[in-house]
Each structure stands twice: as C-alpha cells, then as structure tokens.
Amino acid sequence: MTRTADACGPNGSTCSKCTTGMMCHPSKQQCYTPTIRTKIQPLRAQIAPLDPSDNSDWDVDGSPPDVVIQLSCPNTPAAVPPSEEVESFTPTWTKGSCDVLSTDLLSAPIQFTVIDVDAIFDDPIASAQYQMTRADIDRGVVELTGSSALLSVAFQVTTYYAE
C-alpha cells in the first residue's frame, strides 16, 4: 500500500491524514514536517568581447576570457567551490552551486563574482548580489542582465524537500 499525506500509518496501523504542511515519510510511514531547500547553480553568462576597463582583449593572446564564477549563498559555508574554468565569451557551467534553506534564500541575497583567470593576475569581470523572490524560485531559472563587462548571467534554481 502506498502511503500518502492523506493516508499515512506505520506497519499497517490505522492511517491518519497528515496535517497541513506535513508529508508522509515514505520509509518511516509517519507524518513529518519537511525542510525545504534550494540549490542555486550557475548556468551561463555572456561576457563583453572587450574588457571595458581599458577596451582591450581579455587575454594578451586575443583569446576569450577564462571565466569562473564564485557563488555565495546566505547562511552557507564561505568555502563554496568555484565553477569550472571555461574559455568563452558565453561560458556555461555545471559546478559551483550552493545549497541553502529556502527561507534563508528569501531573506538574504546571493552574491557572486565573475572572474577572468589569467597567468599573472586575474581580471575581475563583475561582482553583484541579488535577492531571490518566490517568483524566481517558482520559475526555476533566474536570468540577470549585467554591466558593461558581464552582459548577462543565469542561475538554475531547484527546490526540494529534505529531512
């Protein structure tokens, strides 16, 4: 028998309906209040073709910038690993996410820094913060327009229940 929030009872005992805001735990077969968490994953960015600070190429050999993004979410460890380095004016990433309680995400902004990694010194492309909204979480993707160096950046927003 499948247990649902409408019929949740352990070991064949009398099923009861979970109260509002509770779910039936699939293995424990009892009602519990889930923790709602959100994962923020940098997806992609669009970088200006020239460094606007001096109107020159990002790299001395004229190649595209070697871009990483460092993300910081509210009430999470400061040591979130940066994304992978991608040589492109339109980098895409699969790493560098942070995981946060959804209530924390709605009460304080995320912060991010986009950097062009170079051999001698790194060029900052942009740093910003953004306050997520309930609509952002519901949409699942946040696309922000940027400055003269960072034309746009997008994040995937995935919400899930945790125990």
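**Before selecting anything**

The model is predicted, and local features are described only at pLDDT of at least 70, side-chain atom pairs only at pLDDT 80 or more, while totals for chains, interfaces and linings use all residues. Residues are numbered from 1 along each chain as its sequence is written, and side-chain values use heavy atoms, with hydrogens and water left out.

Colour the chain by pLDDT, the predictor's confidence in each residue, from 0 to 100. The protein chain averages 87, and 86% of the residues score at least 70. Strands here are DSSP runs of E with at least two residues, numbered from the N terminus. Confidence is lowest in strand E1 (residues 23-24), at a mean of 72, and highest in E5, at 96. Where pLDDT is low, the predicted coordinates should not be read in detail.

**First sheet**

Select E6, E3, E10 and E9, which in that order form an open sheet of four strands with antiparallel pairing; two strands pair if DSSP finds at least two bridges between them. At the edges lie strand E6 (98-101) and strand E9 (141-145), each pairing on one side only. On average, neighbouring strands of this sheet are turned by 25 degrees against each other, direction ignored; the axes are lines fitted to C-alpha atoms, and angles run from 0 to 180 degrees between N-to-C directions.

Gln41 has Gln156 in E10 as its bridge partner, and Pro42 stands opposite Phe155 in E10. E3 also pairs with E6 in the antiparallel sense, over four bridges; there, Lys39 has Asp99 in E6 as its bridge partner.

Strand E4 (residues 66-72) pairs with E5 in the antiparallel sense over two bridges, and Val67 has Val86 in E5 as its bridge partner.

Centre on Val86. This residue is buried (under 20% relative accessible area with a 1.4 Å probe, protein chains only; over 50% is exposed, in between partly exposed), because its relative accessible area is 19%. Leaving aside neighbours within four places in sequence, Val86 is in contact (heavy atoms within 4.5 Å) with Pro65, Asp66, Val67, Pro91, Thr92 and Trp93. The C-alpha atoms of Val86 and Ile69 are separated by 9.8 Å.

**Disulfide**

Select Cys73 and Cys98, which are joined by a disulfide with an S to S distance of 1.8 Å; the criterion is a pair of cysteine sulfur atoms within 2.5 Å. Cys73 lies in the loop between E4 and E5 and Cys98 in strand E6, 25 residues apart. Both Cys73 and Cys98 are buried.

**Nonpolar core**

Of its 28 residues, Ile40, Phe112, Ile125, Leu150 and Phe155 touch the most other members. E3, E4, E6, strand E7 (110-116), E8, E9 and E10 each supply at least two residues, and the largest share, four residues, comes from E10.

Which residues does Ile125 touch, not counting residues up to four places away in sequence? They are Ile47, Trp58, Val67, Val114, Ile115, Asp116, Ser147, Ala149 and Leu150.

Key. Core = buried A, V, L, I, M, F, W, Y, C linked by side-chain atoms within 4.5 Å.
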